[in-house]
Amino acid sequence: MRKYPPNESCCGAVYDNAPADNPFLAALPEMLPRDEFLSTIRSTPGLPHDLPRMSPEERRQSLPMLASLFVPLDYMYAVYDQLYRAIRETYTTRTAMEEIRQINALFCGKENISYATQAASGSVLGVPGIGKTSTIRRALETMPQVIEHTEYMGQPFYCKQVLYLRIECPSDCSVKTLALNLLSALDRAIGSDYLHQLISLRSIAASAVATQVKILCMTHHVGLLLVDEIQNAVETAQRNRQIKPLLKFLVELTNDTATAVYFVGTPAAEQLFTSQEHLKRRTRGIRLLPLKPDGTYRRFLEQLCPYQLTPQQAPLTEKLANKLFDYSGGIPAYIVKIFQETQAQALLLGQARMDERVMQRAIDILAIKVPKTYSGGTYLSDFDVGDAENVPSQSSEEIPREVPEEVPEESPESIPRLYTNQRGRRAASRDAQDLVAVFAGGNDLLYFFKENHLLEEWPASC
């Protein structure tokens, strides 16, 4: 299978071992291995060549270069894996003939009887600032957005296959606005003019726009529709009861066109997803929490520390790393922001390098507020994606035979955020005979009183 360069429209797709009736599946690029993917999405800007001779003003002027630094983490490959499999599942569930039948049914307004299984759907929710949108953009850019077909199996075959479209959820939760955003994304991908043609029809109904979007998704063989900022549907339109029509349209789009749909946003959208039964199974996916103060966090800092534009390099001490974690909450965007502002303040004060006092000054200026608790999810540090070759295989004797009982689904509990330094007062040291220590140890207090002769003998008359 041909590997296409990212961000390019590929003409004349090559098919290796192509299915007889599915050129779209055959034209997909191969899934990248973990190491190759992480290397592809990495972004490491170079430091200025004349840094030793630069003035403090010139050094501060160069600090925005940190915005282009992108440190890959293991969780990003898990996101890429889900999106790639969703695209592949779209083309697995439908063939060229199946699409022709569905398009004809949509044109005629008739119900199409399709035996294809439902396309993939899910969501990627996470705390703001952990890099969801950046990760998804870079993951999608490893694949061509458009593959242009010219022939298949020796026969002329002209069409454009759009692997993915990324749009943002409209703040007004309007189905028509969402549909127009989708058409705009399609125009940018293939150079068409569908949006202008529809806008010129002043009195077109929202239902007609929605039908046109379905037809175009099938005409151009869209593999994945990714709806970003889905929390907008909850935060701005819940009181107007505009959420259901929007989600109903997306569900219909998945059912009628077999196009995969993935939602991306903050945990605020979880409330909407769990409130309706038909959305629970369609919106399952990765739930992301910040970094832990562990080795993954330290490796992240080690890749960040070389980008110090102060005259001297500050060593990565435990106190500095712990302070940075406690005030950033382990959120990568906050870590980089504090790191950048600390350097700016050091240069403004005429200091040669960063220290804890200057970092505290930067933290006070930024006034970053990290939530005290999070909804359920997986910490970025807990994703350990290894190579399949290194995973030991289990023999049939090692596989457990017992089937675990089904556990009823429960609403996720709040998880307190992590700190490197223990919060609050230190626990007072207590004597072994202290009642609080005895009770905390799980001992029987009555037995303890008797053993230590602490019970007074009462007269029998009492």
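Residues count as partly exposed when their relative accessible area lies between the limits for buried, under 20%, and exposed, over 50%. The structure shown in these views is a predicted model.

**Figure 1. Ala367, a residue with positive phi in the loop between H17 and strand E9 (373–374).** Ala367 has a relative accessible area of 48% and is therefore partly exposed. Its phi is about 50°, a positive value, although Ala367 is not a glycine.

**Figure 2. Glu229, in the loop between strand E6 (224–228) and helix H10 (232–235).** Phi of Glu229 is also positive, near 55°, in a residue other than glycine. The relative accessibility of Glu229 is 25%, so Glu229 counts as partly exposed.

**Figure 3. Overview of the protein.** The protein contains 19 helices and 11 strands. Of its 462 residues, 44% are buried. Taking contacts between residues at least 6 apart in sequence, 77% join residues at least 24 apart. Nine salt bridges are found in a search of the whole structure.

**Figure 4. Packing of helix H7 (residues 175–190) against helix H9 (residues 206–219).** The axes of H7 and H9 are 9 Å apart and form an angle of about 30°. The crossing of these two helices, H7 and H9, is left-handed. On the H7 side, Lys176, Ala179, Leu180, Leu182, Leu183 and Leu186 take part in the contact. The H9 residues they meet are Ala206, Val209, Val213, Leu216 and Cys217. Sorted by class, the contact of H7 with H9 has 10 nonpolar residues, one charged residue and no polar residues.

**Figure 5. Leu195 in helix H8 (residues 194–199).** Leaving out residues up to four places away in sequence, Leu195 touches Leu180, Leu183, Ser184 and Asp187. Leu195 and Ser184 are 11 residues apart along the chain, and their C-alpha atoms are separated by 5.8 Å. Two of the residues touched by Leu195, namely Leu180 and Leu183, also belong to the H7 residues that meet H9.

**Figure 6. The salt bridge between Asp81 and Arg85.** The two side chains, of Asp81 and Arg85, meet at 2.8 Å, N to O. Asp81 and Arg85 are four residues apart in helix H4 (residues 74–92), and therefore about one helical turn separates them. Arg85 is partly exposed, with a relative accessible area of 45%.

**Figure 7. The salt bridge between Glu270 and Arg284.** The side chains of Glu270 and Arg284 meet at 3.1 Å, N to O. Glu270 lies in helix H12 (residues 270–275), whereas Arg284 is in the loop between helix H13 (277–280) and strand E8 (285–289), so the pair ties together parts that are 14 residues apart in sequence. Glu270 counts as buried, at 12% relative accessibility. Arg284, at 34% relative accessibility, counts as partly exposed.

**Figure 8. The salt bridge between Asp382 and Lys292.** The N to O distance between the side chains of Asp382 and Lys292 is 3.1 Å. Asp382 is in the loop between strand E10 (378–379) and strand E11 (415–416), and Lys292 is in the loop between E8 and helix H14 (295–304), so this pair ties together parts that are 90 residues apart in sequence. Asp382 counts as partly exposed at 40% relative accessibility. Lys292 is partly exposed as well, with a relative accessible area of 25%.

**Figure 9. Tyr77 in helix H4.** Tyr77 has a relative accessible area of 12% and is buried. The side chain of Tyr77 reaches the backbone oxygen of Leu32 at 2.7 Å. Tyr77 and Thr135 are 58 residues apart in sequence, while their C-alpha atoms are 9.0 Å apart in space.

**Figure 10. A salt-bridge network of Arg34, Asp35 and Asp74.** Salt bridges link these three residues, Arg34, Asp35 and Asp74, in a network.

**Figure 11. Gln351 in the loop between helix H16 (332–348) and helix H17 (356–366).** Gln351 is buried, with a relative accessible area of 18%. The side chain of Gln351 reaches the backbone oxygen of Arg353 at 3.3 Å. Apart from its neighbours within four places in sequence, Gln351 is in contact with Pro311, Ala346, Arg357 and Val358.

Conventions: Residues are numbered from 1 along each chain as its sequence is written. This is a predicted model: local features need pLDDT of at least 70, side-chain atom pairs count only at pLDDT 80 or more; totals for chains, interfaces and linings use all residues. Side-chain values use heavy atoms; hydrogens and water are left out. Axes are lines fitted to C-alpha atoms, for helices over the stretch in contact, and angles run from 0 to 180 degrees between N-to-C directions. A crossing is left-handed if the near helix is turned anticlockwise from the far one by less than a right angle, and right-handed if clockwise. Contact means heavy atoms within 4.5 Å. Ala, Val, Leu, Ile, Met, Phe, Trp, Tyr, Cys and Pro count as nonpolar, Asp, Glu, Lys and Arg as charged, and the others, Gly among them, as polar. A salt bridge is a side-chain nitrogen of Lys or Arg within 4 Å of a carboxyl oxygen of Asp or Glu. Buried means under 20% relative accessible area, exposed over 50%, partly exposed in between (1.4 Å probe, protein chains only). A polar contact is a pair of N or O atoms within 3.5 Å; within protein, one must be able to donate a hydrogen and the other to accept it, and residues adjacent in sequence count only if both atoms are side-chain atoms.
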